[in-house]
Amino acid sequence: MILETLVTTQDVDGHVNVAPMGVEWGEDALVLKPFLETATFRNLEATRAAVVNLVDDVRLFARAALGNPDCAVHPAQAVPGVVLAEACSWREVSVQHIDASPPRARVTAGVVHRGVHREFLGYNRARHAVLEAAIHATRLHLLAP
(Lines give C-alpha, C1' and ligand atoms only; values in the text may rest on other atoms or scores of the structure.)
Protein backbone atom coordinates (compact mmCIF):
# COMPACT_ATOMS: atom_id res chain seq x y z
CA MET A 1 0.00 0.00 0.00
CA ILE A 2 1.27 3.50 -0.81
CA LEU A 3 0.62 6.21 1.76
CA GLU A 4 1.11 9.91 1.11
CA THR A 5 3.57 11.21 3.69
CA LEU A 6 5.93 14.05 4.43
CA VAL A 7 9.50 12.79 4.63
CA THR A 8 12.01 14.76 6.66
CA THR A 9 15.71 14.32 6.00
CA GLN A 10 18.79 16.25 6.98
CA ASP A 11 21.98 16.96 5.10
CA VAL A 12 25.39 16.40 6.71
CA ASP A 13 25.27 19.96 8.12
CA GLY A 14 21.90 19.34 9.79
CA HIS A 15 19.73 21.40 7.41
CA VAL A 16 16.22 19.95 7.31
CA ASN A 17 14.37 19.10 4.11
CA VAL A 18 10.62 18.39 4.07
CA ALA A 19 9.30 16.56 1.02
CA PRO A 20 5.92 15.07 0.10
CA MET A 21 6.29 11.45 -0.94
CA GLY A 22 4.18 8.40 -1.57
CA VAL A 23 5.81 5.64 0.48
CA GLU A 24 5.34 1.89 0.16
CA TRP A 25 4.15 1.11 3.68
CA GLY A 26 5.11 -1.94 5.72
CA GLU A 27 5.33 -2.83 9.38
CA ASP A 28 9.10 -3.34 9.55
CA ALA A 29 10.31 -1.65 6.36
CA LEU A 30 9.25 1.19 4.07
CA VAL A 31 10.24 1.94 0.47
CA LEU A 32 10.87 5.59 -0.38
CA LYS A 33 11.07 6.61 -4.04
CA PRO A 34 12.69 10.03 -4.37
CA PHE A 35 13.68 11.48 -7.72
CA LEU A 36 17.47 11.36 -8.15
CA GLU A 37 17.94 15.13 -8.45
CA THR A 38 16.24 15.94 -5.12
CA ALA A 39 17.59 17.00 -1.75
CA THR A 40 15.75 14.03 -0.25
CA PHE A 41 17.77 11.57 -2.35
CA ARG A 42 21.07 13.34 -1.62
CA ASN A 43 20.28 13.39 2.12
CA LEU A 44 19.29 9.72 2.20
CA GLU A 45 22.55 8.80 0.49
CA ALA A 46 24.61 10.95 2.84
CA THR A 47 22.98 10.27 6.22
CA ARG A 48 21.14 6.95 5.60
CA ALA A 49 18.22 8.12 7.77
CA ALA A 50 14.79 9.75 7.48
CA VAL A 51 11.57 10.33 9.36
CA VAL A 52 8.34 9.45 7.54
CA ASN A 53 5.52 11.61 8.92
CA LEU A 54 1.79 10.89 8.57
CA VAL A 55 0.14 14.31 8.48
CA ASP A 56 -3.53 15.25 8.11
CA ASP A 57 -2.95 18.97 7.43
CA VAL A 58 -2.90 19.10 3.63
CA ARG A 59 -1.63 22.67 3.70
CA LEU A 60 1.75 21.24 4.71
CA PHE A 61 1.68 18.96 1.64
CA ALA A 62 0.94 21.94 -0.60
CA ARG A 63 3.71 24.04 0.96
CA ALA A 64 6.20 21.16 0.69
CA ALA A 65 5.25 20.54 -2.97
CA LEU A 66 6.09 24.17 -3.79
CA GLY A 67 9.29 24.44 -1.76
CA ASN A 68 10.96 23.47 1.49
CA PRO A 69 8.62 24.81 4.19
CA ASP A 70 9.82 26.04 7.57
CA CYS A 71 7.96 23.75 9.98
CA ALA A 72 7.97 23.24 13.73
CA VAL A 73 9.92 20.07 14.50
CA HIS A 74 11.40 18.11 17.37
CA PRO A 75 14.37 15.74 17.34
CA ALA A 76 13.89 12.13 16.30
CA GLN A 77 14.77 9.58 18.95
CA ALA A 78 16.55 6.79 17.06
CA VAL A 79 17.96 8.42 13.90
CA PRO A 80 19.63 11.72 13.07
CA GLY A 81 16.59 13.70 11.97
CA VAL A 82 13.46 15.52 12.99
CA VAL A 83 9.77 14.79 13.48
CA LEU A 84 7.18 17.31 12.28
CA ALA A 85 5.29 18.79 15.24
CA GLU A 86 2.10 18.51 13.13
CA ALA A 87 2.58 14.77 12.48
CA CYS A 88 -0.18 12.48 13.65
CA SER A 89 2.36 9.66 13.78
CA TRP A 90 5.77 8.90 12.35
CA ARG A 91 8.31 6.22 11.60
CA GLU A 92 12.02 6.79 12.02
CA VAL A 93 13.87 4.75 9.43
CA SER A 94 17.41 3.66 8.65
CA VAL A 95 18.40 3.05 5.03
CA GLN A 96 19.13 -0.60 4.24
CA HIS A 97 19.50 -0.48 0.45
CA ILE A 98 19.50 2.14 -2.33
CA ASP A 99 18.74 1.33 -5.96
CA ALA A 100 19.60 4.56 -7.79
CA SER A 101 18.18 3.56 -11.18
CA PRO A 102 16.72 6.61 -12.98
CA PRO A 103 14.41 8.43 -12.83
CA ARG A 104 13.46 7.53 -9.24
CA ALA A 105 15.47 5.69 -6.66
CA ARG A 106 14.06 2.84 -4.57
CA VAL A 107 15.28 3.25 -1.03
CA THR A 108 14.46 0.40 1.32
CA ALA A 109 14.56 1.51 4.94
CA GLY A 110 14.01 -0.39 8.15
CA VAL A 111 11.74 1.04 10.84
CA VAL A 112 13.81 1.65 13.98
CA HIS A 113 11.32 3.74 15.99
CA ARG A 114 7.63 4.74 15.86
CA GLY A 115 5.77 7.56 17.51
CA VAL A 116 2.22 8.90 17.78
CA HIS A 117 0.96 12.39 18.63
CA ARG A 118 -2.71 11.79 17.84
CA GLU A 119 -5.06 9.66 15.76
CA PHE A 120 -4.93 10.07 11.98
CA LEU A 121 -8.47 10.65 10.73
CA GLY A 122 -7.72 10.74 7.00
CA TYR A 123 -8.87 13.23 4.39
CA ASN A 124 -12.27 14.48 3.33
CA ARG A 125 -12.91 15.19 -0.37
CA ALA A 126 -11.67 18.79 -0.21
CA ARG A 127 -8.46 17.80 1.56
CA HIS A 128 -7.95 14.96 -0.88
CA ALA A 129 -8.25 17.43 -3.80
CA VAL A 130 -5.49 19.60 -2.28
CA LEU A 131 -3.34 16.51 -1.79
CA GLU A 132 -3.81 15.47 -5.44
CA ALA A 133 -2.94 19.00 -6.61
CA ALA A 134 0.24 18.90 -4.50
CA ILE A 135 1.22 15.56 -6.03
CA HIS A 136 0.62 17.00 -9.52
CA ALA A 137 2.80 20.02 -8.70
CA THR A 138 5.72 17.71 -7.89
CA ARG A 139 5.40 16.09 -11.33
CA LEU A 140 5.37 19.24 -13.51
CA HIS A 141 9.03 18.73 -14.43
CA LEU A 142 8.00 15.48 -16.16
CA LEU A 143 5.52 17.18 -18.52
CA ALA A 144 6.39 18.82 -21.81
CA PRO A 145 5.74 22.58 -21.90
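Is Arg-106 buried, partly exposed or exposed? In this predicted model, Arg-106 counts as partly exposed because its relative accessibility is 36%, where buried means under 20% relative accessible area, exposed over 50%, and partly exposed in between, as computed with a 1.4 Å probe on protein chains only. Arg-106 is found in strand β8, which covers residues 106–116; helices (H or I, at least four residues) and strands (E, at least two) are DSSP runs numbered from the N terminus. From C-alpha to C-alpha, Arg-106 and Ala-64 are 21 Å apart in space and 42 residues apart in sequence.

Because the model is predicted, local features need pLDDT of at least 70 and side-chain atom pairs count only at pLDDT 80 or more, while totals for chains, interfaces and linings use all residues. Residues are numbered from 1 along each chain as its sequence is written, and side-chain values use heavy atoms, with hydrogens and water left out.

The largest pocket holds about 490 Å³ of space. A pocket is an open set of points on a 1 Å grid over the protein atoms alone, where a 1.4 Å probe fits and protein lies on both sides within 12 Å along at least five of seven lines, and its lining residues have an atom within 4 Å of a point; the volume is the space filled by probe spheres set on the points, which are joined across faces, edges and corners. Of the 28 lining residues, Ala-19, Pro-20, Phe-35, Thr-38 and Thr-138 are the closest to the centre of this pocket. Two or more lining residues come from each of β1 (2–10), β2 (16–24), α1 (39–47), α2 (58–66) and α3 (125–137), and β2 gives the largest share, six residues.

Phe-35 also takes part in another contact: Arg-104 lies over the face of its ring, at 5.0 Å from the ring centre, where the rule asks for NZ of Lys or CZ of Arg within 6 Å of the ring centre and within 35 degrees of the ring normal.

Turning to the cysteines, the count comes to zero disulfides, a disulfide being a pair of cysteine sulfur atoms within 2.5 Å. The sulfur of Cys-71 is 14 Å from the closest cysteine sulfur, that of Cys-88, and so is too far for a bond. Cys-71 counts as buried because its relative accessible area is 16%, and Cys-88 is buried at 0% relative accessibility.

Ala-144, in the segment after α3, is exposed, with a relative accessible area of 71%.
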